[in-house]
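Here is a briefing on one protein model. Have the sequence and the coordinates open while you read.

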Amino acid sequence: MTQTVGELRAAVSGAVFAPEDDGYDTARRLWNAEHVREPAVIAQVGSAEDVQAAVRYAVAEGLEIAVRGGGHSIAGLSSVDGGLMIDLSRLNQVTVDPEARRARVGGGALLRDLDAATQEHGLAVPAGLIGHTGVGGLTLGGGMGWLTRMHGLTIDNLESVQLVTADGSIVRAAEDENADLFWAVRGGGGNFGVVTEFEFRLHPAGPIVNFGLAFWGQDQGAELLRAAREVIPTLPREVNVVIAALNAPPAPFVPEEHHFKPGFALVVVGFGAPEQHADAVARLQEALPPLFQMVTPMPYVAVQQLLDEANGPGMYHYEKGAYLETLSDEAIEVYTSQQVHKTSPMSAAMIYHLDEGYLETADDATAFGGQRTERYAMFIIATTPVPEALEAERAWVRTFWDAVQPYAINIGSYVNGMAEPDADRLRASYGDKFDRLVELKRKYDPDNVFHRNQNINPAAIGS
């Protein structure tokens with residue numbers, strides 16, 4: 001291996017690390033500290049040609065490939081023991097054309113890189129909620145965030161991709177070129193190649209938006225959610241709300257007696273007039289005044305990074321998710337009662353309402369694993385600062401998830417929120433699209449070179 005690593009070093013412009021090299025331990029580190037991988041070699045690529053060389057090297061050497069963008073894979077799939085990690089972090093350039101409202105984004109860029117570049121022009125791409133998330137992994141699975149209600153998922157705003165396929169080809173995929181591949185990468189995960197560049201459509205947003213956070217106690221949860229389910233679907237599309245079961249942060253705006261107190265929050269972000277946001281906040285609080293709240297104008301980039309510190313690297317995570325057609329009384333009972341059983345104050349459960357812009361892309365237009373019907377997406381997230389606490393939190397997530405299943409649409413969920421992306425859940429998540437994805441996997445990656453992801457196995461038997 002030492003001999004052939006020299007060949008890889010000669011073939012790529014970026015740094016290449018073997019286990020004995022200085023910098024290897026830093027380069028192999030992942031966001032979810034539960035997963036400690038020891039790749040045989042790490043290639044920090046700087047171009048599509050570098051990725052091409054790395055893929056060809058791994059195939060020739062019989063090495064398993066993992067692709068690291070932001071390294072946020074909850075399942076630790078961004079690295080691999082004994083294989084090749086292709087680290088895209090140097091491919092983090094973002095080029096914005098404000099007149100055309102387009103952005104070209106390197107496959108290793110983080111959301112904060114994308115937001116910083118686009119916000120210079122008062123523009124944005126609908127994306128996730130944590131600034132150090134990788135654009136690549138988020139996009140390939142779908143991409144949900146504050147702008148989803150206005151402009152859909154991240155993939156709904158994707159114009160084209162450049163990617164390296166399993167045979168080492170560099171190809172473009174868009175509606176007018178390799179259209180079947182373009183369909184597949186919009187929701188099909190990293191199954192079809194290593195994306196080295198994304199081209200996005202941009203929308204006006206910010207630079208200042210309206211932010212509100214209000215918090216209610218544990219005993220108020222059921223009443224709050226019953227009120228919220230009536231109001232949230234009626235709000236203007238410029239206002240988006242996330243429901244969260246969490247512990248109150250020890251922030252300056254939180255009264256000291258409520259620090260770390262378990263309860264429920266509504267986070268309300270408005271992209272329209274301040275009066276519109278204020279009206280939405282008032283309507284959400286009309287039935288049940290909160291224990292405390294903060295309502296303020298805030299830079300969009302700050303809103304996008306509010307969760308960064310609490311979700312920083314070095315923590316231990318586990319996650320499961322579900323889709324709910326409605327917030328029924330029974331689902332609300334599960335959601336509010338399960339909160340008390342967690343042991344880590346860092347763990348949380350979040351609910352997004354998917355409507356408006358989410359519904360404006362046809363269900364069969366992309367491979368996204370979730371039908372385009374109005375629904376709620378629930379995420380149950382265990383987070384602990386120490387490994388000893390993770391097993392109890394993992395059990396909490398699994399018990400919570402089991403309890404909500406009778407009220408869920410099916411056993412499928414948003415593929416980016418799967419800590420254990422097994423074949424049955426993937427089939428359930430993709431539904432009728434699964435067999436088409438299998439056929440495209442057979443076409444573009446018949447040997448399943450790219451399988452450290454939410455894997456669509458080319459050997460899967462069609463239904």
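β6 pairs with strand β10 (residues 194-201) in the antiparallel sense, over five bridges. Strands count as paired if DSSP finds at least two bridges between them. Helices (H or I, at least four residues) and strands (E, at least two) are DSSP runs, numbered from the N terminus. This is a predicted model: local features need pLDDT of at least 70, side-chain atom pairs count only at pLDDT 80 or more, and totals for chains, interfaces and linings use all residues. Residues are numbered from 1 along each chain as its sequence is written, and side-chain values use heavy atoms, with hydrogens and water left out.

**The five-stranded sheet**

- The sheet is open, with strand order β5-β6-β10-β8-β9 and antiparallel pairing.
- Its edge strands are β5 and β9 (170-174), each pairing on one side only.
- The twist averages 15 degrees from one strand to the next; axes are lines fitted to C-alpha atoms, for helices over the stretch in contact, and angles run from 0 to 180 degrees between N-to-C directions.
- Helix α3 (residues 48-61) packs on this sheet and touches β8 (158-164), β9 and β10. The direction of α3 makes about 45 degrees with that of β8. Contact means heavy atoms within 4.5 Å.
- Val105 stands opposite Phe198 in β10.
- Strands β5 (residues 94-97) and β6 (residues 102-106) pair in the antiparallel sense over four bridges, and Thr95 stands opposite Arg104 in β6.
- Four residues separate β5 and β6 in their hairpin. Arg101, in the turn, has a positive phi of about 55 degrees.
- Helix α4 (residues 111-119) lies across β5 and β6, at about 30 degrees to β5.

**The seven-stranded sheet**

- This open sheet runs β15-β12-β14-β13-β17-β18-β16, with antiparallel pairing.
- β15 (292-299) and β16 are the edge strands, each pairing on one side only.
- Neighbouring strands are turned by 15 degrees against each other on average, direction ignored.
- β16 pairs with strand β18 (residues 375-384) over nine bridges, in the antiparallel sense. Tyr318 stands opposite Ala382 in β18.
- Helix α8 (residues 221-231) packs on the sheet, touching β12 (208-217), β13 (239-247), β14 (262-270) and β18. The directions of α8 and β14 make about 25 degrees.
- Helix α9 (residues 274-285) lies across β12, β13, β14 and β15, running at about 10 degrees to β12.
- Asn210 lies in β12. At 10% relative accessibility, Asn210 counts as buried; buried means under 20% relative accessible area, exposed over 50%, partly exposed in between (1.4 Å probe, protein chains only).
- Beyond its neighbours within four places in sequence, Asn210 has contacts that include Val268, Pro274, His277 and Thr296.

**Helix α13 and its surroundings**

- The buried residues of α13 (residues 423-430) are Arg425, Leu426, Ser429 and Tyr430. Seen down the helix axis, they fall within an arc of 125 degrees, so they line one face of α13. The arc is that of the directions from the helix axis to the C-beta atoms.
- Ala423 and Asp424, on the other side of α13, are exposed.
- The cover over the buried residues of α13 includes β16 (316-324), α12 (390-404) and α14 (434-444).
- Asp422 caps the N-terminal end of α13, with a side-chain oxygen 3.2 Å from the backbone nitrogen of Asp424.
- Gly431 follows α13 and has a positive phi, near 60 degrees.
- α13 and α14 pack at about 115 degrees, with axes 8 Å apart. That makes α13 roughly perpendicular to α14 (65 to 115 degrees counts as such).
- Leu426, Arg427 and Tyr430 of α13 meet Phe434, Asp435 and Leu437 of α14.

Conventions
Polar contact = N/O pair within 3.5 Å; in protein donor to acceptor, adjacent residues only side chain to side chain. Parallel < 35°, antiparallel > 145°, perpendicular 65-115°, else oblique.
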